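This report goes through selected features of one protein model. Please look over the sequence and the structure before reading on.

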Amino acid sequence: MKKIRILFQGDSITDAGRNKKSVHGLKGYTLRTARRLFLKEGFLKYDYYNRGISGDRTWDLLKRYQADFVDMNPDVVSIMIGINDVWRKYDNNDPTTPDQYEENLTRLLTDLKSDTGAKIIVLSPYLTPDPNGKHDEMRADVDIFIERAEKVAKKYADAFINTDIPMNKGVGESSAQAISGDGVHPAPKGQIILAELLAQKISELTK
């Protein structure tokens with residue numbers, strides 16, 4: 001039986017310090033997603049590949065589109081991208097406007113669907129409270145980018161996951177530090193939240 005190829009894409013949240021020499025490169029929430037699907041579906045159904053790259057924005061995904069999307073021959077692609085599109089405005093004075101973000105994401109999704117026929121899952125960016133208070137000024141922009149991600153996903157993807165709501169709910173149920181040490185990169189409990197959401201959606205799309 002041919003395994004269903006799952007491709008995880010995004011920035012450092014997806015990268016999670018993965019081993020770039022590994023074919024599969026699972027780490028962080030991608031590894032936890034694979035483990036959940038293994039427990040539910042067994043090891044014969046899926047094959048997993050993580051190609052997230054730390055620091056990437058939407059246009060970086062477009063630059064590596066052929067090699068890291070099309071050439072991977074995915075059946076399902078999950079994409080979490082956007083926090084760096086917001087963040088670079090604040091730490092490097094190099095903003096991505098909401099319109100640019102929407103345009104880039106639209107191009108990525110429409111090309112991907114046309115070129116591969118893969119099922120596409122878009123995970124929104126999120127922002128949880130930073131224990132050091134450094135990212136509070138980004139909150140309004142993140143909300144706008146979440147809205148744009150949902151808008152594009154509902155038109156061109158097969159599923160949309162708003163990660164911001166459950167991640168911040170997790171903060172209320174435990175603590176900000178337990179979900180993310182800096183408000184962006186998930187700690188173990190944050191990884192579990194993301195993995196549970198994504199594993200459920202992958203399972204639904206591949207019945």
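## Terms and basis

A residue is called buried under 20% relative accessible area, exposed over 50% and partly exposed in between, with a 1.4 Å probe and protein chains only. The model is predicted: local features need pLDDT of at least 70 and side-chain atom pairs count only at pLDDT 80 or more, while totals for chains, interfaces and linings use all residues. Residues are numbered from 1 along each chain as its sequence is written, and side-chain values use heavy atoms, with hydrogens and water left out.

Helices (H or I, at least four residues) and strands (E, at least two) are DSSP runs, numbered from the N terminus.

## Two loop residues with positive phi

Most residues other than glycine have a negative phi. Alanine 16 is not a glycine, yet has a positive phi of about 55 degrees. This alanine 16 sits in the loop between helix H1 (12-15) and helix H2 (29-41). With a relative accessibility of 25%, alanine 16 counts as partly exposed.

Asparagine 73, also a residue other than glycine, has a positive phi near 50 degrees. Its loop runs between helix H4 (65-68) and strand E3 (76-80). Is asparagine 73 buried or exposed? Asparagine 73 has a relative accessible area of 53%, so this residue is exposed.

## Aromatic pairs

A pair of aromatic rings is described by the distance of the centres and the angle of the planes. Rings of Phe, Tyr and Trp (its six-membered ring) pair if their centres lie within 6.5 Å; planes under 30 degrees apart count as stacked, over 60 as edge-to-face and the rest as tilted. There are four aromatic pairs in the structure. One of them joins tyrosine 46 and tyrosine 48, a tilted pair with 6.0 Å centre to centre and 45 degrees between the planes. Tyrosine 46 is buried at a relative accessible area of 2%, and tyrosine 48 is buried at 10%. Tyrosine 101 and phenylalanine 145 have ring centres 4.8 Å apart and planes at 45 degrees, so this pair is tilted. Because tyrosine 101 lies in helix H6 (residues 98-116) and phenylalanine 145 in helix H7 (residues 139-156), the pair ties together parts that are 44 residues apart in sequence.

Tyrosine 101 is buried, at 0% relative accessibility. Phenylalanine 145 is buried, at 2%. Elsewhere, Phe8, Tyr46 and Tyr48 form one aromatic cluster.

## Helices H6 and H7

Two packed helices are described by the angle between their axes and the distance between the axes. Axes are lines fitted to C-alpha atoms, for helices over the stretch in contact, and angles run from 0 to 180 degrees between N-to-C directions. The axes of H6 and H7 come within 10 Å and cross at roughly 25 degrees. H6 and H7 are therefore roughly parallel to each other (angles under 35 degrees count as roughly parallel, over 145 as roughly antiparallel, 65 to 115 as roughly perpendicular and the rest as oblique).

Contact means heavy atoms within 4.5 Å. Residues of H6 that meet H7 include Tyr101, Leu105 and Leu109, and those of H7 that meet H6 include Phe145, Ala149 and Val152.

## Helices H8 and H10

The axes of helix H8 (residues 164-173) and H10 come within 10 Å and cross at roughly 140 degrees. H8 and H10 are therefore oblique to each other. Where they meet, Pro166, Met167 and Gly170 in H8 face Gly190, Ile193, Leu194 and Leu197 in H10 by contact. Among the buried residues of H10 are Gly190, Ile193 and Leu194.
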